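Biologist: I have a model open and would like to go through it with you. Can you put it on screen before we start?

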Amino acid sequence: GDSLSCCKCFRCGLRFCGVCRSPCHPGETCFEDGSRVVRLTKRRPPLSPELQGVAMQIAAEVEKSHSSKAHAVAAASKAGDFE
């Protein structure tokens, strides 16, 4: 996740990380953000088996966290807690 892995699409000019395929994130690893980790699990060609396993574990935790937040928002909306 550094400037060495920042790529640019030759067609549209979009800059992205060549490892996780997310927007460039200089100074941060691909594993520092949940959305980037989820992208890593869907990457083609896939990561090495070792990194894919780590990414899958972290992505599962991210998905679980997002699900919990979605349930909390739904409960708050039913209770009328929104301003």
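Biologist: What should I know about the model and the numbering?

Modeller: This is a predicted model, where local features need pLDDT of at least 70, side-chain atom pairs count only at pLDDT 80 or more, and totals for chains, interfaces and linings use all residues. Residues are numbered from 1 along each chain as its sequence is written, and side-chain values use heavy atoms, with hydrogens and water left out.

Biologist: How many helices and strands does the protein have?

Modeller: There are two helices and two strands; helices (H or I, at least four residues) and strands (E, at least two) are DSSP runs, numbered from the N terminus. Read from the N terminus, the order is β-β-α-α.

Biologist: What share of the residues is buried?

Modeller: 22% of the 83 residues count as buried. Buried means under 20% relative accessible area, exposed over 50%, and partly exposed in between, using a 1.4 Å probe and protein chains only.

Biologist: Now the cysteines. Which ones does a disulfide join?

Modeller: Cys6 is joined to Cys24, with an S to S distance of 1.9 Å. The search of the whole structure finds one disulfide, defined as a pair of cysteine sulfur atoms within 2.5 Å.

Biologist: Which parts does the pair tie together?

Modeller: Cys6 is in strand β1 (residues 6–8) and Cys24 is in the loop between β2 (15–17) and α1 (34–42), so the link ties together parts that are 18 residues apart in sequence.

Biologist: Why is the disulfide called right-handed?

Modeller: Because the torsion about the S-S bond of Cys6 and Cys24 is about 85°.

Biologist: Which residues make up the largest nonpolar core?

Modeller: It has 10 residues: Cys17, Cys20, Cys30, Val37, Val38, Leu40, Leu47, Ala55, Ala59 and Val62. A nonpolar core is a set of buried Ala, Val, Leu, Ile, Met, Phe, Trp, Tyr and Cys residues joined through side-chain atoms within 4.5 Å.

Biologist: What does Leu40 touch?

Modeller: Leaving out residues up to four places away in sequence, Leu40 touches Val19, Cys20, Cys30, Phe31, Leu47, Gln52 and Ala55. Contact means heavy atoms within 4.5 Å.

Biologist: Gln52 is on that list. Is Gln52 buried or exposed?

Modeller: Gln52 is buried, with a relative accessible area of 17%, and lies in helix α2. Its side chain reaches the backbone oxygen of Thr41 at 3.2 Å. Beyond its neighbours within four places in sequence, Gln52 is in contact with Leu40, Thr41 and Leu47.

Biologist: Last one: where is Val54?

Modeller: Val54 is in helix α2 and is partly exposed, with a relative accessible area of 37%. Its C-alpha atom is separated by 9.2 Å from that of Val37, 17 residues apart along the chain.

Definitions and conventions
A polar contact is a pair of N or O atoms within 3.5 Å; within protein, one must be able to donate a hydrogen and the other to accept it, and residues adjacent in sequence count only if both atoms are side-chain atoms.
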